[in-house]
Amino acid sequence: MITVPIAYYLILAAVLFCIGIAAFLIKRNVITIFMSIELMLNAVNLTFVAFAHVWRQISGQIFVFFVMVVAAAEAAVGLAIIIALFRTRRTLNVDEVDMLKN
Amino acid sequence: MSTNLLALLPELILTLTAILVMLLEPLLAVGASRKPLGWLAILGSLGSGVAALFQLRVVHALGTLTGFYGTIQVDAFSIFFHLLIASIVVTTLLASLDYFPPDQISHAGEYFALVLFGATGMMFMTSSAELLMVFIGLEISSISTYILAGFRKGRATASESAIKYFLLGSFATAFFLYGIALCFGATGSTTIAGIGAGLAATKTPLFGWLAVGMVLIGLGFKVSAAPFHVWTPDVYQGAPAPVVGLMSTAPKAAAFAVLLRFLFEAAPTDRHHWAPLIAIMAVASMTIGNLGALLQSDAKRLLAYSSIAHAGYLLVAFTAPEPLAVSTACFYTAAYAAMNVGAFVVLTQLSGFDERLRTIDDLTGLALRRPALAAFLAFFLLSLIGIPFTGGFFGKFYVFSAAVHSGYTWLAIVGLANSGLACFYYLRLLTALYARPTTDTIGDAPTPHCLSIPAGLALIATAAATLLLGILPNRILSLTQRAAPSTVAQCVMQK
C-alpha cells in the first residue's frame, strides 16, 4: 500500500493557514472574516493529526477535539457579537464599522 | 484533600462562585439591586486569594504541587500570579458594584459571573505545565473578556469594540495554536517540559524556531506588544471603564506568565535567537505606544497607548537571564497592575456607565469639582510616569538595570528616552486636572456625587499597593525572587 508522505499534509495545512490569513486581511464582511479564522483553526487541526500520526502519539488527536470544542464556543459568542453589531449599525462591512479611531 | 483538588483550589472556588452567581441571578426580581451578587463574587475572589496563600504554605512545606497527571503545576511563580489576578478581580468588582444604572441592573449578575469566569481562565494559564491547558485557559479568559468588552449593549461603540477584540483575538489564538502544533511536530510533546527537552535535542531546529515564533506572535497579540497592538486603542476606547482596568492588567499578566514559562523552560537553548526578537518588540512597543499616546484626546485611548508602552517596558525584562528576568517581570507586572487598575477605577467613578466624561477637555478642572478623585488619578499618573516613591519607578528601575546587567545597554537607553517622552502626555493630562476649567465645561458638567464606599475601598487599596511597591520594593522583590528560583529548579531537575 502506498502511503501519502507526511510532508504533503503539512504543506496542505500551511497553505490552508496562509489562505486563512489572506482572507482575514482581504475580506470585508464580518462573517467571511470569521470563516477565515475557522479555516486557520482547521489547518491547525490537520497539522496536529498529521504529527500525531508521525509520533504515534494520541495527545495530538486529543488536542484536535479541544480545538473543535473551543472553536464552537467561540463561534457561539462571536455570532452573538455579530448580531449585536448588526443591530446597532445595520451593516456587516468592517470598513463601515469605524467609529473608534484616532 | 487530594493533591488534584488542592492544586486547583483557587480556580475551583472562582468557578463555583461564578456558577452560584448565575444560579441566584434569576431568583432576584427584575430591576432589583444586584449588589448582593457582587458582594458574593467579591467574597469568592477573596476566597480564591486565601486558597492561593494556603497553597503557598503547602508549596513551602512540600515543594511544587502537581495535579492531573502533571498538567497542573503549582509553584511560587503561579501562586504569585494567582494572588495578583485575585486582587485585580476584587478591585474591579468593588469598582463595578455601583457601575450599573437602574435600567441596566438586570445584567449585572452576568457581568460579575463573567469577570469570575475570566479570572478562572487566567489562573489556569499561569498554573498549567501543558500547552493544552494553557490554550483552554487562554480561551476561557478571552471569551469572557470578548463579552465584557461589549457589555454596554446598544451602544454602537461597545459592539464595535467587542467585534474588533473578538476577531483579532481569535486570529491571534490561531497563531498560538499553530505554534503549539509545530512544537508538537518538532518534539512529539505538548508539555512545556517535554518541548524543552525535545527542542534541546532536535535535529530540525528550523521547525522549533518557527514554532517559538508563532507562539510569540500569538502571545504578543494578547499582551498588546507592537507590532501586534493595533486592536488595543479601539477596544479599550469602546469597552466599559472597569472592564478595561481588568483586561489591561489581568489577562496580560497571565499571558506574560505563560510567555516567561514557555520561553525560559521550553526554549532556553534558543535564547540567543529569541532575545534580540524580544528586544525589537520591546523597542517597537515602547516607541509606538508613547508616540501614539501623544496624539490622543480621549483618556481611555491615551491609557490604551500607555498600556502598549508598558508592555514594551515589561518585555525589556525578558532579555535578562532567567532568575533576574522572572523576578523583575513579576515585580513590573504587579506595579503596573496596581497603578493601571487604580487609574481605571477613577475613570469608572468619573464617567459612569454612560461615559459622560471622556476627553481630556472634559477632565479639565476636575480638581475643583472632585478633589479626591483628581488627587488619586494624579497619583496613579505620577506612578505611570515613574516618579520615585511609586511602584512605577522601581518597576522601571529594575527592568532597565536588568537589561544593563545582561548586556542590553542600548535597550535600557531607548527605554529611558521613552520614559522621558511619556512624561509629555501624562503631564498634559495631569495639568489639565489642575487647570482652571473653561466656562462652557462648567455649564454642562454633571452634578458631582459622593464616592461610594466600595469604590473608595478599591481606590485606597490600589493607591496603597502602588505606594507600598514604591516604598518597600525590596520586600516584594524578595517575594518575586522566591517565585523565580522555583522555575529554575524545575529546569535543572529536568536536565
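# A chat about two chains

Visitor: Which residue just after α18(B) takes a positive phi?

Guide: That is G386(B), which follows directly after α18(B) and has a positive phi of about 105 degrees. Keep in mind as we chat that this is a predicted model.

Visitor: Okay, and how many residues does helix α18 of chain B have?

Guide: Helix α18 of chain B runs over residues 371-385, which gives it 15 residues. From its first C-alpha to its last it reaches 21 Å, close to the 21 Å expected at 1.5 Å a residue.

Visitor: How many of the residues of α18(B) are buried?

Guide: The count is 11 of the 15, so α18(B) is largely enclosed by the rest of the structure. Among the buried ones are L373(B), F376(B), F379(B), F380(B) and I385(B).

Visitor: What covers the buried residues of α18(B)?

Guide: The cover includes α14 (299-317), α15 (322-351), α17 (366-369), α19 (391-405), α20 (409-433) and α22 (453-471), which belong to chain B.

Visitor: At what angle do α7 and α9 of chain B pack?

Guide: At about 155 degrees, with the axes of α7 (residues 156-187) and α9 (residues 205-222) 7 Å apart. Angles over 145 degrees count as roughly antiparallel, and that makes α7(B) roughly antiparallel to α9(B). Their crossing is left-handed.

Visitor: Which residues make the contact of α7(B) and α9(B)?

Guide: On the α7(B) side they include L168(B), F175(B), F176(B), G179(B) and I180(B), and on the α9(B) side they include F207(B), L210(B), M214(B), V215(B) and K222(B). Sorted by class, this contact has 17 nonpolar, 5 polar and 1 charged residues.

Visitor: Can we zoom in on V215(B)? Is V215(B) buried or exposed?

Guide: V215(B) is buried, because 28 other C-beta atoms lie within 10 Å and the cut-off for buried is 20 or more. You'll find V215(B) in helix α9 of chain B.

Visitor: What does V215(B) touch?

Guide: Leaving out residues up to four places away in sequence, V215(B) touches F176(B), G179(B), I180(B) and F262(B). Take I180(B): it is 35 residues from V215(B) along the chain, yet their C-alpha atoms are separated by 6.9 Å.

Visitor: What about α3 and α4 of chain B: at how many degrees do their axes cross?

Guide: They cross at roughly 165 degrees, and the axes of α3 (residues 35-62) and α4 (residues 76-96) come within 9 Å. That makes α3(B) roughly antiparallel to α4(B). The crossing of α3(B) and α4(B) is left-handed.

Visitor: Which residues of α3(B) and α4(B) meet?

Guide: Among them are G38(B), I42(B), L46(B) and L56(B) in α3(B), and I79(B), H82(B), V90(B) and L94(B) in α4(B). The residues of this contact divide into 14 nonpolar, 7 polar and no charged.

Visitor: New topic: where do chains A and B meet, and how many residues are in contact?

Guide: 34 residues of chain A are in contact with 32 residues of chain B. On the chain A side, α1 (6-26), α2 (30-55) and α3 (58-89) each give two or more residues. The largest share, 16 residues, comes from α3(A). That side of chain A divides into 24 nonpolar, 7 polar and 3 charged residues.

Visitor: Last one: which residues does a cis peptide bond join?

Guide: The cis bond joins A226(B) and P227(B), with omega about 0 degrees. Look for P227(B) in the loop between α9 and α10 (231-238) of chain B.

Methods: Residues are numbered from 1 along each chain as its sequence is written. Chains are lettered from A and ligands numbered from 1 in the order in which they are written. This is a predicted model: local features need pLDDT of at least 70, side-chain atom pairs count only at pLDDT 80 or more; totals for chains, interfaces and linings use all residues. Two residues are in contact if their C-beta atoms, placed from the backbone, lie within 7 Å. Helices (H or I, at least four residues) and strands (E, at least two) are DSSP runs, numbered from the N terminus. Ala, Val, Leu, Ile, Met, Phe, Trp, Tyr, Cys and Pro count as nonpolar, Asp, Glu, Lys and Arg as charged, and the others, Gly among them, as polar. Axes are lines fitted to C-alpha atoms, for helices over the stretch in contact, and angles run from 0 to 180 degrees between N-to-C directions. Angles under 35 degrees count as roughly parallel, over 145 as roughly antiparallel, 65 to 115 as roughly perpendicular and the rest as oblique. A crossing is left-handed if the near helix is turned anticlockwise from the far one by less than a right angle, and right-handed if clockwise. The expected span of a helix is 1.5 Å times one less than its number of residues. A residue is buried if 20 or more other C-beta atoms lie within 10 Å of its own, exposed if 12 or fewer, and partly exposed in between; C-beta atoms are placed from the backbone.
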